Amino acid sequence: MTTDAAPKPAARPSSLPVKPRIYSGIQPTGRPHLGNDLGAIRNYVALQDRYEAIYCIVDYHALTHVHDPEVLRRQTLEMAAALIALGLDPERCTVFVQSDRPEVTELCWLFNTVTPVGWLQRTPTYKEKRANQPDDVNHGLLTYPVLQAADIALPKASLVPIGKDQAPHLELSREIVRAFNARYGVTFPEPQAVYTEAPTVLGTDGVKKMGKSVGNTIEVLAEPDVIRKQVMSMVTDTQRIMRSDPGRPQVCNVCQMHRFFGDDYEEIWEGERTARTGCVDTKKLLAERIIAHYAPARETYRELMADPVRLRRILDEGAERIRPIVEATMTEVRERMGLR
Ligand code: ADP
């Protein structure tokens with residue numbers, strides 16, 4: 001785990017939690033992939049004992065591109081089951097659904113009033129999303145980072161485990177919080193990013209970041225045959241044409257992924273460099289290792305999905321657990337802004 005070197009906030013908010021609080025959100029859009037797990041979820045799990053950890057399934061965010069109510073409801077439960085299967089323990093951390101604590105939309109509106117439009121228009125992801133869904137450039141896409149700032153500020157979180165792709169958003173959250181603190185007095189900590197050792201996981205194309213919208217994912221909880229197919233489609237060293245050509249493990253995405261599955265990374269590197277092993281061998285091995293690594297999680301996921309009542313109870317308890325935190329923040333914010 002590495003923490004981004006970030007300047008300390010100018011002053012400490014008076015009502016900060018005693019134990020540092022961490023927060024992270026994940027969209028309920030499809031099953032988690034290797035990028036999600038290696039880039040973020042592994043840190044969620046690792047940090048749940050050291051901090052007061054709050055993890056949120058951000059369904060309000062998903063509404064910017066998921067418009068089918070049944071799909072959203074199902075995917076929200078699927079993501080909850082996946083997070084627990086991958087190691088979140090609802091006894092040791094809080095897992096809740098964003099829309100179960102709608103106060104965040106109020107805070108988002110209040111933050112809108114301290115956020116210059118230019119900050120949002122220049123966000124790279126806004127430009128990207130506009131290009132991805134040109135027929136649906138809804139206002140939610142523009143204001144997405146403000147809602148994200150509100151997500152983090154609502155529980156006064158000071159650390160945010162995320163992948164590197166989220167760095168510009170987190171920077172914006174910091175700026176928004178800073179703008180609020182400057183206008184109304186220091187209320188929120190300026191959140192800092194926490195990265196894993198794999199802050200950017202490349203997709204099966206070996207070029208772009210692995211992401212659901214790109215369709216270059218390896219879904220960690222999928223059936224073994226799906227994982228095999230996804231891994232076998234991975235692009236390796238494009239300059240290695242013949243099996244006997246020496247490879248360049250430093251640019252081979254498959255070799256890089258072996259770092260996280262098994263303890264023989266150096267051997268795999270050497271095998272590829274000296275052409276002792278071919279790309280297909282290395283991919284087959286990787287696929288079997290990924291399947292074996294996630295087998296227990298896949299089983300737990302199945303069990304949880306078969307018991308939606310239990311899942312719903314866990315999420316209700318999570319939303320209840322953070323209620324007093326959220327209410328305290330909102331009372332303070334309304335007072336500072338002159339609303340009551
Ligand atoms: P996606 O990008 O697939 O839609 P989300 O936006 O819901 O996934 O991301 C959830 C978390 O996973 C975020 O913290 C994000 O930074 C992290 N993440 C997503 N893709 C990657 C990746 N390829 N490498 C590292 N982290 C990633």
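Trainee: Which helix holds the place of Val117?

Mentor: As this is a predicted model, we can read the position from it while bearing that origin in mind. The C-alpha atom of Val117 is separated by 8.9 Å from that of Thr143, although the two residues are 26 apart along the chain. Val117 itself has its place in the helix spanning residues 117-121, which is α5.

Trainee: Is Val117 buried, partly exposed or exposed?

Mentor: The relative accessible area of Val117 is 47%. Buried requires a value under 20% and exposed a value over 50%, with the remaining class in between, so Val117 counts as partly exposed.

Trainee: What is the relative accessible area of His258?

Mentor: His258 lies in helix α10, residues 253-258, and it touches Tyr265, Ile268, Thr282, Leu285, Leu286 and Arg289, when residues up to four places away in sequence are not counted. One of these, Leu285, is 27 residues away in sequence, with 9.0 Å between the two C-alpha atoms. His258 is buried, and its relative accessible area is 0%.

Trainee: How many residues apart in sequence are the parts that the pair of Phe111 and Phe188 ties together?

Mentor: A search of the whole structure finds seven aromatic pairs, and Phe111 with Phe188 is an edge-to-face one, at 5.5 Å centre to centre with 90° between the planes. Phe111 lies in helix α4 (residues 103-112), whereas Phe188 lies in the loop between α8 (167-184) and β6 (192-195), so the pair ties together parts whose separation in sequence, in residues, is 77.

Trainee: Which residues do ring pairs link into a cluster with Phe111?

Mentor: Phe111 and Phe188 are both buried, and their rings form an edge-to-face pair. Ring pairs extend this into a cluster in which Phe111 is linked with Phe180, Tyr184 and Phe188.

Trainee: Which residue lies over the face of Tyr144?

Mentor: For a charge to sit over a ring, NZ of Lys or CZ of Arg must be within 6 Å of the ring centre and within 35 degrees of the ring normal. At 3.5 Å from the ring centre of Tyr144, the residue over its face is Lys129.

Trainee: Are α4 and α15 roughly parallel or roughly perpendicular to each other?

Mentor: Helix α4 packs against helix α15 (residues 323-337) at an angle of about 30°, with the axes 11 Å apart, and the crossing is left-handed. Glu103, Glu106, Leu107 and Leu110 of α4 meet Val326, Glu327, Met330, Val333, Arg334 and Met337 of α15. Because angles under 35 degrees fall in one class, α4 and α15 are roughly parallel.

Trainee: What is the handedness of the crossing of α3 and α13?

Mentor: The axes of α3 (residues 69-85) and α13 (residues 295-305) come within 8 Å and cross at roughly 140°, which makes α3 oblique to α13. The contact includes Leu77, Ala81 and Ile84 of α3 and Tyr301 and Leu304 of α13. The crossing of α3 and α13 is right-handed.

Trainee: At roughly what angle do the axes of α3 and α14 cross?

Mentor: Helix α14 covers residues 308-321, and its axis comes within 10 Å of that of α3. Leu77, Ala80, Ala81 and Ile84 of α3 make the contact with Pro308, Leu311, Ile314 and Leu315 of α14. With α3 roughly perpendicular to α14, the crossing angle is roughly 80°.

Trainee: What is the phi of Lys156, near which value?

Mentor: Most residues other than glycine have a negative phi. Lys156, found in the loop between α7 (139-153) and β5 (159-161), is buried with a relative accessible area of 4%. Its phi is positive, near 55°.

Trainee: And about what phi does Ala275 have?

Mentor: Ala275 is found in the loop between α11 (265-273) and α12 (279-293), and at 13% relative accessibility it counts as buried. Although Ala275 is not a glycine, its phi is positive, at about 65°.

Notes:
Residues numbered from 1 in each chain as written. Predicted model: local features only at pLDDT ≥ 70, side-chain atom pairs only at ≥ 80, totals over all residues. Heavy atoms only, no water. Phe/Tyr/Trp six-rings, centres within 6.5 Å; stacked < 30°, edge-to-face > 60°. Helix = DSSP H or I, 4+ residues; strand = E, 2+ residues; numbered from the N terminus. Buried < 20%, exposed > 50% of the residue type's maximum accessible area, 1.4 Å probe, protein only. Axes fitted to C-alpha atoms, helices over the stretch in contact; angles between N-to-C directions. Parallel < 35°, antiparallel > 145°, perpendicular 65-115°, else oblique. Left-handed = near helix turned anticlockwise from the far one by under 90°. Contact = heavy atoms within 4.5 Å.
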